[in-house]
Amino acid sequence: MTEKNNTLIASLVNEGASAVGSSAEEILLRLLYQLIIILIVTRLFVWISRSFLGQTAVAGEILAGLVLGPSIAGALFPELMESIFPKESSTIFIGISQIGLILLMFEIGLEFEFGEKLRKSRFAVAVISIAGVFLPFTVGFFSAEWIWNSMTVPRPDKNAFQLFFALALSITAIPILGRIFMELGLAHTRTAALIIGAAAIDDIVGWILLGAILTLFVSNYQFDQFMFNIFGIVIYIILIFLIVRPLLRRWLSSRLRKEKRLSHTVMACIIIVLFLSASVTSYLGIFALIGSFAIGVVLHENREFVIRWKESIGSLVHVFFLPIFFTYTGLRTDIGSLSGPDEWMMCLLVCLLAFVTKFGGTYIASRLLGENRRIAATIGISMNTRALMELIVLNIGYDLGILPPNIFTMLVIMAILSTFIATPLIRRLMRVQDIRN
């Protein structure tokens, strides 16, 4: 079957076979089987997550991806799962998941609206955010050297590994936090606004650090190439905010006033701009996701557009594209690759490092700002939620060969645990608080 798939794909690519021919139809049929299984398993685990585990939908989506991978289904039914998800189909999965991530990062950029409560707490938000990045990044950077020394040869580039590991410990997942607070009915509280604001700054800092790390890595630590890439990125961001932003916002506002809806023409134009921006940042060496995120930030103040976009496109991203990304991540995560007690002990230490440094930094900062213990603990637990943003960063590191499979698996486990721990603790801590908090 595998050899047959290779022949089919080769015939389509090399011989220019018809997109509606028998070969294409067989490949499409296999893809449809895969998508049906992914969507059914995802909805099943979302239901289990909400009904029996006291978790939000995103926890079920992540768990479904892990279950479909070699860690569980692949270990129990290796031949069956290999026939359903052969390695030859990974190219299609990569393409679909990357398009989904480009659309998701655009939507994340659109969410940068925090309301009046956040504007009244700018100093507190900034302090909590800085503490939530500085401590885990610093501890992560220096502890990564010990992990790197324990790896078997060949090892990834030491500097790149230290920077990526430190970044992985520093990330906070603002879209996941937003969904958790909305599903718990707590999005209107002051504490939620404070947390979302700090998480947003964390994400901005995280993406800036990711861009700098990628630029440094792509330039092979050559100062002149690094400066050239940085110069190109800076020029592009300036063009986006000084030229593209006012033109795009003016045109978009005019079309929305005139048409009273998000027309197909407007959606097509926005997607074209989105893909162009993603192409530019990819060419500059900092991944396409940064470009789509930048366009989202540019348009986030047009709340009418944000609402209409989420109504028309957002649901498709979350229902269709996200499960594919989680499955793609799950297919690359093999818990069985952690061999022996030493690697499991290292995994435990990685989780402890991530939890303690993130929680400790934000809890101490919150207490120094005058928050009571429960609110400070809520902030610390919430800022530990990594989930989707973490998985995006980890997949980038894995693709570049910076994160070996076993370290990738450890960090995925850490991301999943941080997400599963957050929801019940947030629910418990905020239930006993005054609703105005």
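1. Basis of the note. This is a predicted model, in which local features need pLDDT of at least 70 and side-chain atom pairs count only at pLDDT 80 or more, whereas totals for chains, interfaces and linings use all residues. Residues are numbered from 1 along each chain as its sequence is written, and side-chain values use heavy atoms, with hydrogens and water left out.

2. Overall fold. The protein chain has 19 helices and 0 strands, where helices (H or I, at least four residues) and strands (E, at least two) are DSSP runs, numbered from the N terminus. The chain is as compact as a globular protein of its length, because its radius of gyration of 22 Å is close to the 22 Å that the globule rule gives for 437 residues; the radius is taken over C-alpha atoms, and the rule is 2.2 Å times the number of residues to the power 0.38. Taken along the principal axes, the box filled by the C-alpha atoms is roughly 65 × 65 × 55 Å.

3. Of the 437 residues in the protein chain, 53% are buried (buried means under 20% relative accessible area, exposed over 50%, and partly exposed in between, with a 1.4 Å probe and protein chains only). The accessible surface of the chain comes to about 20,000 Å², and carbon and sulfur atoms hold 68% of this surface; the areas come from the Shrake-Rupley method with a 1.4 Å probe, and for residues only the protein chains shown count as cover. Among contacts (heavy atoms within 4.5 Å) with a separation of 6 or more, 78% join residues 24 or more positions apart.

4. Cysteines. How many disulfides does a search of the whole structure find? The search finds 0, a disulfide being a pair of cysteine sulfur atoms within 2.5 Å. Cys 351 is in no disulfide, and the nearest cysteine sulfur, that of Cys 347, is 4.5 Å away. Cys 351 is buried, at a relative accessible area of 6%, whereas Cys 269 is partly exposed, at 30%.

5. Helix H8. The 29 residues of H8 (residues 122-150) should span 42 Å at 1.5 Å a residue, and the end C-alpha atoms are 42 Å apart, which agrees; the expected span is 1.5 Å times one less than the number of residues. Phe 142, which lies in H8, is exposed at 58% relative accessibility.

6. Helix H9. Since 11 of its 13 residues are buried, H9 is largely enclosed by the rest of the structure, and the buried residues include Phe 161, Phe 164 and Phe 165. The cover over these buried residues includes H8, H11 (190-218), H16 (340-368), H18 (387-399) and H19. H9 (residues 158-170) reaches 19 Å from its first C-alpha to its last, close to the expected 18 Å.

7. Helix H19. Because 19 of the 27 residues are buried, H19 is largely enclosed by the rest of the structure. Phe 408 lies in H19 and is buried, with a relative accessible area of 0%; leaving aside neighbours within four places in sequence, Phe 408 is in contact with Thr 329, Arg 332, Thr 333, Leu 394, Asn 395 and Tyr 398.

8. Ile 96 in helix H6. Ile 96 is found in H6 (residues 90-110) and counts as buried at 17% relative accessibility. Apart from neighbours within four places in sequence, Ile 96 is in contact with Leu 31, Phe 320, Phe 321 and Ile 324. Phe 142 and Ile 96 are 46 residues apart in sequence and 36 Å apart in space, C-alpha to C-alpha.

9. A backbone point to inspect. Lys 260 has a positive phi of about 60 degrees although it is not a glycine. Lys 260 sits in the loop between H12 (223-259) and H13 (264-283), and is exposed at 60% relative accessibility.
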